[in-house]
Amino acid sequence: MKTVVFPGSFDPLTLGHLDLIKRAAALSDNLIILILENKDKKCIFSAAERKAMIEKCLKGINNATVDIYDGLIVDYMKANNITAAIRGIRNSIDLDYESQWTAFNQKLYNGFESIYLLAKGEYSYLSSSGVRQLGAFGGDISKMVPDEIKEDVKNKLLNI
Ligand code: ADP
């Protein structure tokens, strides 16, 4: 499978995201992890901070890179000749949301394809918002984010 994009907020990257990145990289020739600047969503970590943190976790994954885009995913994909986007499904709430997300993007981009990977059981409870809440109260996030970034995440969340 050629170039695929994995779009998301990654605010911050979790072990669930990283598992998806590894699995998607193994399925594709070239994986672009795309941080989307979402006007509806106020993020805690800047896009540059999120990019730097993801890059710290990519050692050994040689066909993955990180990019930032302030716009519609379909416009990024059209501009870069990419037709497939990877997303994750943790539960039926994700499934509902993602079905609509795919249908919406298919309306905007003829040929848009989404590829869904089911979250591993051990990560199906895990979300960036859970990490943000826990970390802001000084809770232990070390089993939720990759080792490479746990100090960065902890320090930022304690100082917001
Ligand atoms: P968005 O704001 O676009 O939902 P997220 O960073 O929250 O961005 O999620 C990006 C993608 O990763 C989504 O498809 C989401 O379902 C998936 N995802 C999030 N957490 C996990 C997890 N623990 N396991 C597998 N997939 C996940």
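The following legends describe close-up views of a predicted model.

View 1. The ligand sits in the largest pocket. The shell has seven nonpolar residues, five polar residues and five charged residues. Of the 17 residues around the ligand, the nearest are Ser9, Phe10, Lys41, Gly88 and Tyr123.

View 2. In the side chain of Ser9, a polar atom lies 2.7 Å from an oxygen atom of the ligand. For Gly88, the atom concerned belongs to the backbone: this polar atom is 2.7 Å from a ligand oxygen atom. The side chain of His17 has an N or O atom at 3.1 Å from an oxygen atom of the ligand. On its own, the ligand has 550 Å² of accessible area, and the protein covers 89% of this area.

View 3. The phi angle of Phe10 is near 50°, which is a positive value in a residue other than glycine. Phe10 counts as buried because its relative accessibility is 3%, and a residue is buried under 20%. Phe10 is also among the residues that come nearest to the ligand. The peptide bond that leads from Asp11 to Pro12 is cis, and its omega angle is near 5°.

**View 4. Asn81 in the loop between α3 and β4.** Asn81 has its place in the loop between α3 (73–79) and β4. Its phi angle is positive, near 55°, although Asn81 is a residue other than glycine. With a relative accessibility of 72%, Asn81 counts as exposed, because the limit for this class is over 50%.

View 5. Thr102 is found in helix α4. The side chains of Thr102 and Ser114 are joined by a polar contact of 2.7 Å. Thr102 is buried, since its relative accessible area is 10%.

**View 6. Leu117 in strand β5 and its distance from Arg23.** Leu117 has its place in strand β5, which comprises residues 113–118. In sequence, Leu117 and Arg23 are 94 residues apart, whereas in space their C-alpha atoms are 8.4 Å apart. A relative accessible area of 11% places Leu117 among the buried residues.

Definitions and conventions: Residues numbered from 1 in each chain as written. Predicted model: local features only at pLDDT ≥ 70, side-chain atom pairs only at ≥ 80, totals over all residues. Heavy atoms only, no water. Near = heavy atom within 4 Å. Polar contact = N/O pair within 3.5 Å; in protein donor to acceptor, adjacent residues only side chain to side chain. Areas by Shrake-Rupley, 256 points an atom, 1.4 Å probe, with all protein chains shown as cover. 1 Å grid on protein atoms, 1.4 Å probe; cavity = no way out; pocket = protein on both sides within 12 Å on 5 of 7 lines; lining within 4 Å. Sits in = over half its atoms within 2 Å of the grid points. Nonpolar A, V, L, I, M, F, W, Y, C, P; charged D, E, K, R; others polar. Helix = DSSP H or I, 4+ residues; strand = E, 2+ residues; numbered from the N terminus. Buried < 20%, exposed > 50% of the residue type's maximum accessible area, 1.4 Å probe, protein only.
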